[in-house]
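Hi everyone, thanks for coming. I'd like to walk you through one structure today, so please get the picture up on your screens and follow along.

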Amino acid sequence: MYCERRALALTARRASRPNGRILCYHSLGQPQTGVNDVSPRQFQRHLDFALKHGYNFVSATRIAQNGGGQKDLAITFDDGWNSVFTNAAPILKDYDIPWSLFVVADWSDHHNSWSQNFVLDWRALERLIDDGVDIGSHSVTHPDFGKISATQMAEELGNSRRMIEQKLGFAPETFAIPLGQSMNWPAAAAQAAREAGYKIVYAQAENTRPKGTVARTFVTQFDGDRNFKALLGGAYDNWEEWI
């Protein structure tokens, strides 16, 4: 992945973009997430670079609903890792930047012993909501929707929405696809999401995303200053993590 993204940063042709861009992060300073983990320092450099070059930070919902402006950026995080609370939230609060978090309901419920050490619980999520963070669903158990049955799809989508409503007091209308690539979201999943009550479904890819989803640009630990500049210029818009 490092070699691919470096090569694309140097060689990919840039394209003009009429709409905003939604960035997809996972954790900040939590190495358990592997390539998904961006250091807090690098994250802050991303924000500073964007602001220096005239970008405006807006909500993901704004871009999802009307496309946003050419210089609009939105920040989203997937999974609900602890470092989102300890590292990302304070930085984003200091910059007064709106952001969204998509949580895996079973992980935040701490049904798995490992999640108690690495994933935010419902009380922490309540505190983020109090600070204005937008919370959406990322399923119950984070499956690959391209490999599960229609019944399992309905359960993952509907039960995660119900769990969040029970714990946080509202049923989210936004959903981020686990893994988020073209192969991870068949037509049956899209139908199940609509039936479950979701109005916006976010991918983790740009030009290759599944039909009917909202694009997001995946940010990795390899995206230093050069790569991040290329990312904003569209160098990775035809790239997928797992293909």
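Buried means under 20% relative accessible area, exposed means over 50%, and partly exposed is in between, using a 1.4 Å probe and protein chains only.

Quick bit of housekeeping before we go on. This is a predicted model, where local features need pLDDT of at least 70 and side-chain atom pairs count only at pLDDT 80 or more, while totals for chains, interfaces and linings use all residues. Residues are numbered from 1 along each chain as its sequence is written, and side-chain values use heavy atoms, with hydrogens and water left out.

Okay, find helix H2, residues 40–52. H2 has 13 residues and reaches 18 Å from its first C-alpha to its last, close to the 18 Å expected at 1.5 Å a residue; that expected span is 1.5 Å times one less than the number of residues. Which residues of H2 are buried? They are Gln42, Phe43, His46, Leu47, Phe49 and Ala50. Look down the axis of H2 and these buried residues fall within an arc of 165°, so they line one face of the helix. The arc, by the way, is that of the directions from the helix axis to the C-beta atoms. If you're wondering about the pattern, an α-helix has 3.6 residues a turn, so residues three or four places apart point the same way. On the face of H2 turned away from its buried side you'll find the exposed residues Arg41 and Lys52.

Now hop over to helix H9, residues 187–196, where Ala189, Ala190, Ala192 and Ala193 are buried. They cover an arc of only 165° around the axis, which puts them on the same side of H9. Turned away from that buried side is the face with the exposed residues Ala187, Arg194 and Glu195.

H2 is followed by Gly54, with a positive phi near 85°. His53 sits in the loop between H2 and strand E4 (56–57), and at 37% relative accessibility His53 counts as partly exposed. The C-alpha atoms of His53 and Lys229 are separated by 9.9 Å, although these residues are 176 apart along the chain. Lys229 lies in helix H10 and, at 53% relative accessibility, counts as exposed. Lys229 also pairs up with Ala9 for us: 220 residues apart in sequence, 8.2 Å apart in space, C-alpha to C-alpha.

Next, the loop between strand E7 (134–137) and H8. Most residues other than glycine have a negative phi, and most peptide bonds are trans. In this loop, Ser139 has a positive phi of about 90° although it is not a glycine. Ser139 is buried, with a relative accessible area of 0%. His142 is in the loop between E7 and H8 too, and His142 has a positive phi of about 65°, again without being a glycine. His138 has its place in that loop as well; His138 is buried, at a relative accessible area of 1%. From His138 to Phe102 it's 36 residues in sequence and 5.1 Å in space, C-alpha to C-alpha.

One last stop, strand E8, residues 174–176, which contains Ala176. Is Ala176 buried or exposed? With 0% relative accessibility, Ala176 counts as buried.

Technical notes: Helix = DSSP H or I, 4+ residues; strand = E, 2+ residues; numbered from the N terminus.
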